Amino acid sequence: MSFSITPLLVGVRNVDQGIMTWQRGYGKRIWLPIWSFLLREKGGEGRILLVDTGLEDFVPPQEFIDETGLDAQLMEDALAAVGIRPEDVWGVINTHLHDDHCGNNPLFPNARIFVQTLEAEACRNPHPVDYRYDASYIDGVNLVELDGDAEILPGLKVLLTPGHTPGSQTVVVETDEGPAVIAGMCSNQENFPASGLAVCPGVHCNAYVAHDTAQALKAMRQAGAELYPLHDLTVATRAKA
Ligand SMILES: [Zn+2]
């Protein structure tokens, strides 16, 4: 089964590039778009899933709109704009549980929410240096904990790709144009230069492991998959019908 991909812009932050690329690009301010990826199963039951659910609430700065020509919306509004109600969502895959990737999880009453067990544990008992977990985003939802690589549906699987966080997962989606890979680490295109090694994410729980994950993602791109970094502006133009 293949899926369409519709990127929804559901948040934005203004940060230093070094948040994305370890020991590279420090001192350069960037817009950090926060995407939710809407997946629609083509054929079959036509199930609807989201990869990540963005920030709980925010107001896009006018400068972002002026400088990028993009506009960010609250999750409910972004879904309504493409004709989907929260109750239509069959499943949510959280790449990881930092607040900009799961902030709207409680919005979806009928969704099973797929996370890695390692990540759920990190969220419930966060290390003191990681202040971006909030267990309220996984309390009271229909959480499905995964232990490693797993098939979610035919044509849709997750790979355990730790390093950014203890249980980050990458999503591999079949589309009519070939496989798409939604990177299980906060990154933008600067992490994946055309030549040379991929760059370790600026935020990580283990730099060695995160470095290896970055290389694995780049290798998937080199093998022909389309790679979607979680925080890249170019995602706006990369919908798959
Ligand atoms: Zn992020």
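# A guided tour of the predicted model

Helices (H or I, at least four residues) and strands (E, at least two) are DSSP runs, numbered from the N terminus.

Residues are numbered from 1 along each chain as its sequence is written. This is a predicted model, in which local features need pLDDT of at least 70 and side-chain atom pairs count only at pLDDT 80 or more, while totals for chains, interfaces and linings use all residues.

**The whole chain.** Along the principal axes, the C-alpha trace spans about 45 × 40 × 40 Å.

Next, select H4, residues 117–124. Its buried residues (20 or more other C-beta atoms within 10 Å of their own, where exposed means 12 or fewer and partly exposed lies in between, with C-beta atoms placed from the backbone) are Leu 118, Glu 119, Ala 120, Ala 122 and Cys 123. They pack against strand S5 (112–116) and strand S6 (142–146). S5 and S6 pair (DSSP finds at least two bridges between paired strands) in the parallel sense over five bridges. The chain crosses from S5 through H4 to S6 in a right-handed β-α-β crossover: with the strands pointing away from the viewer, the path from the first strand over the helix to the second runs clockwise.

**The core.** Now select Val 92 and Ile 182, which touch the most other members of the largest nonpolar core, a set of 61 residues. Such a core comprises buried Ala, Val, Leu, Ile, Met, Phe, Trp, Tyr and Cys residues joined through C-beta atoms within 7 Å. Beyond its neighbours within four places in sequence, Ile 182 is in contact (C-beta atoms, placed from the backbone, within 7 Å) with residues including Phe 37, Val 51 and Tyr 228.

**Val 172.** Finally, select Val 172 in strand S9, residues 169–175. Val 172 counts as partly exposed because it has 18 C-beta neighbours inside 10 Å. Leaving out residues up to four places away in sequence, Val 172 touches Lys 157, Leu 159, Pro 179 and Val 181.

Key: Two residues are in contact if their C-beta atoms, placed from the backbone, lie within 7 Å.
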